[in-house]
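This report concerns a predicted model.

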Amino acid sequence: MFRGVLWLLAGRGCVGRGLSTRSGGSTPDWTEKVSEIKKKIQSALPGGPWDPLYDTSHLPPEHSDVVIVGGGVLGLSVAYWLKRLEKPRGAIKVLVVDRDHTYSQASTGLSVGGIRQQFSLPENIQLSLFSVDFLRNINEYLAVVDDPPLDVQFNPSGYLLLASEKGAAIMESNVKVQRQEGAKVCLMSPEQLQNKFPWINTDGVALASYGFSMSSSRMQTSSGKEMTLKRIHEVHVKMDHSLEYQPVECALVINAAGAWSGQVAELAGIGKGPPGTLEGTKLPVEPRKRYVYFWHCPEGPGLETPFMADTSGAYFRREGLGHNYLGGCSPTEEEEPDPGNLEVDHDFFQDKVWPHLAHRVPAFQSLKVRSAWAGYYDYNTFDQNGVVGPHPLVVNMYFATGFSGHGLQQAPAVGRAVAELVLEGQFQTINLSSLLFSRFYLGEKVEERNII
Amino acid sequence: MLKIIIPTVMLIPLTWLSKSNMLWINSTMYSLMISMTCLPLMNQFCDNSLNLSMLFFSDSLSTPLLMLTTWLLPLMIIASQHHMAKEPPTRKKLYITMMILLQIFLIMTFSATELIMFYILFEATLVPTLIMITRWGGQTERLNAGIYFLFYTLAGSLPLLVALIYTQTTLGSLNLLLAQYWIDSSTHIWGNSLLWLAYMMAFMVKMPLYGLHLWLPKAHVEAPIAGSMVLAAILLKLGGYGMLRITMMLSPTINFMAYPFMMLSLWGMVMTSSICLRQTDLKSLIAYSSVSHMALVIMAILIQSPWSFMGATALMIAHGLTSSLLFCLANSNYERTHSRTMILARGLQMILPLMAAWWLLASLTNLALPPSINLIGELFVTVSMFSWSNFSIILLGINIIITALYTLYMLIMTQRGKYTYHIHNIKPSFTRENTLMSLHLVPLLLLMISPKIILGTTY
């Protein structure tokens, strides 16, 4: 009898839509209707989260153990590792909150997608090493039973860093550190470079480091004074385009909001205090706009093209198999574009990027820009390296942000580090204690010694 | 008995007419005084009961339970102060009124002479508890929990009503004092078995028996702290008390009906203890441990021997105090970290050492360490079960080991180890919390000296 009623409903709807939908369109509609009715019945029966006043299934739950603010690659990585590393299954309830489920402005989707291990900080090198390993064996980590294996389009073509005369010494010492950490790097002279990659113009290049894989930290202490420690009780999650919000009571908040981490931190009261004190130390992460250009060059370098970073700061990589390339350049401090919107400045490519590219790779003298976009770096204005770990005063807020352009490549390892910090209380695999928040207050910069 | 009931009823105007700043103090102090008035009931005649009136009586079985009930009300009020602090005064008063109403019903239930009055008040205790769980519980699941709690108990006790009315019409009276003297020599007929089942199901659901225990983890976990305390300490014992009273009235020829429930309890005891080992939620762990301990009580009552009745009564009192104490400790964790997950609040011994002492004592009594009264209860039950059937010792032994395992697991997980970073600024233990824990532990430890007052009618 039930089925008969449904058939009638489906039939009536079908007729109303005309003959064109009768053959193909009616069956999926019918199953949709059935599932809708089932959902309605289930929401009224006991056994589900039933609120007699109104249906709240679109709102986040009222309680969660960990709330991760920011659903980009870092936030999701932390969520993944928290669930993966918890010993009893189902122990922790994790809620990931993001303000835009289309990720239209998220740095994750707009990133160039390069991964390198040639850092100078050992922590960065270890993070990248693990992340490469993660991406290589992604099916071990992220495969779902009965689904086809994942393909993240990981092209291990290598990363080539070029150094001019000034930077050659720094590059050599960096390579020594990288080798110590276990990264596979090799130094090449200009002749070797010319032999390996005949399309490069080795003008002005003193040394090149080609590899897949970096360190140093200084510590200080200072005296203490009276502080107020704060605790986050609940996170108000405001729903899209409405005034509805759901207070989510939580034990921990993880700030993985990328370019907007500074604003999220301000909401928690970080940085409200007299400057120079611990209360007054803000989270120095702000959005910086960077352009990425996509061009086609029929005579460009072929399949063995590594991700090349020129001495001038311009970089590019191969995309796909049709002589397409992605690349860009970090602007200097004076030419920082306005991060208010994601509009692309094409003149920047003409004036700043193309000359250097054309100089380094003569084939690029004739290229055609197909498209361009802009994305945000979650730029750490202090030392351009990530912030990981808890805040000393707001005790239950952890950071996993501020990676200033190398967030995507270090995300799996950082996620694991934060999950270890939450679950075990200390870093187990990679020790990131030099990336804690307190360095902003103590004034110790943990900088990358790059050649640029 | 009126000297206990009337003051408890008068607690309600006391709550409503108190000034907001004196509300908690007044209700706590006066309810403590009322628990003192319960003490003279301990002066029992050794051959029979204290018959105080036509409606109320108390004997050596109901007196310890009455004492536990009246002792628990001030403890519930003390425990609720923190999470009710931000509510408007009317709601606070309403909450305390619910607790007092529950208290009145419970006192009258435990001292009822007439079984119909017992039944009415038995059902009436559901209403304030349901209101406390669904209105003041923590999370969305509390509605689900309230529904399970209400309907399981209601469905189980409707046959009890039918059975009581049937007995009233056939026998003429349902007075408990007279019930001891009936000599029921009825033969083995189906009707008697159904009657046995109808009587026992209500109490089985309440205890709870292993197959019908689904409401308990939900209700205990979602209830606010006062709700959890009263559920674990008293409401479960209503089932045990009812069973102890009713078994006297039922025909001894139908004792074979007990076998399925014995099997369920034996198996369920081991099962729920094992589930405790896998729990990640602290309150859920304590709830399942309640099911496990109550399974012992069910078994003891079903085998109907003097030693087992003594063990059942002792275990009920001991478990009431211990479970309530564990819930209070779990709640003190929850109020600080806002999460019931055990792994997020670890290593508390370093930060709150006095609370760690209470945790240790609570865990020790929970795993029935000698010479606590928990041990006396468990030991008596184990010994009488062994004499009933030699093989049951295997399962009982396994249960004792697993109880020790999960209790120590809970202790080590919450107290020992390196503490998580985000708990280093939790507020230190309040005097109120320390008072609460010690008021739980003091009777538990003092009863070690003279456990005969809790050993019930067959001592």
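## A histidine in a loop of chain B

B:His338 is placed in the loop between helix H14 (306–337) and helix H15 (348–351) of chain B; helices (H or I, at least four residues) and strands (E, at least two) are DSSP runs, numbered from the N terminus. The phi angle of B:His338 is near 60°, a positive value in a residue other than glycine. With a relative accessible area of 14%, B:His338 is buried, where buried means under 20% relative accessible area, exposed over 50%, and partly exposed in between (1.4 Å probe, protein chains only).

## Basis of the model

The model is predicted: local features need pLDDT of at least 70, side-chain atom pairs count only at pLDDT 80 or more, and totals for chains, interfaces and linings use all residues. Residues are numbered from 1 along each chain as its sequence is written, chains are lettered from A and ligands numbered from 1 in the order in which they are written, and side-chain values use heavy atoms, with hydrogens and water left out.

## The interface of chains A and B

Chain A contributes 34 residues to the contact and chain B contributes 25 residues, contact meaning heavy atoms within 4.5 Å. Between them the two chains bury about 2500 Å², 55% of it on carbon and sulfur atoms; buried area is the accessible area (1.4 Å probe) that two parts lose on being put together, summed over both.

On the side of chain A that touches chain B, the elements giving two or more residues are strand E1 (63–69), strand E7 (245–255) and helix H11 (407–424) of chain A. E7(A) gives the most to this side, with four residues.

## Cis peptide bonds in chain B

B:Met207 and B:Pro208 are joined by a cis peptide bond, with omega about -10°. B:Pro208 lies in the loop between helix H9 (190–206) and helix H10 (215–222) of chain B.

Another cis peptide bond joins B:Pro370 and B:Pro371, with omega about -5°. The loop between helix H16 (353–366) and helix H17 (373–388) of chain B holds B:Pro371.

## Two further residues

A:His323, which is not a glycine, has a positive phi of about 60°. A:His323 lies in the loop between strand E10 (314–319) and strand E11 (324–329) of chain A, and counts as partly exposed at 32% relative accessibility.

B:Thr63 belongs to helix H3 (residues 62–80) of chain B and counts as buried at 2% relative accessibility.
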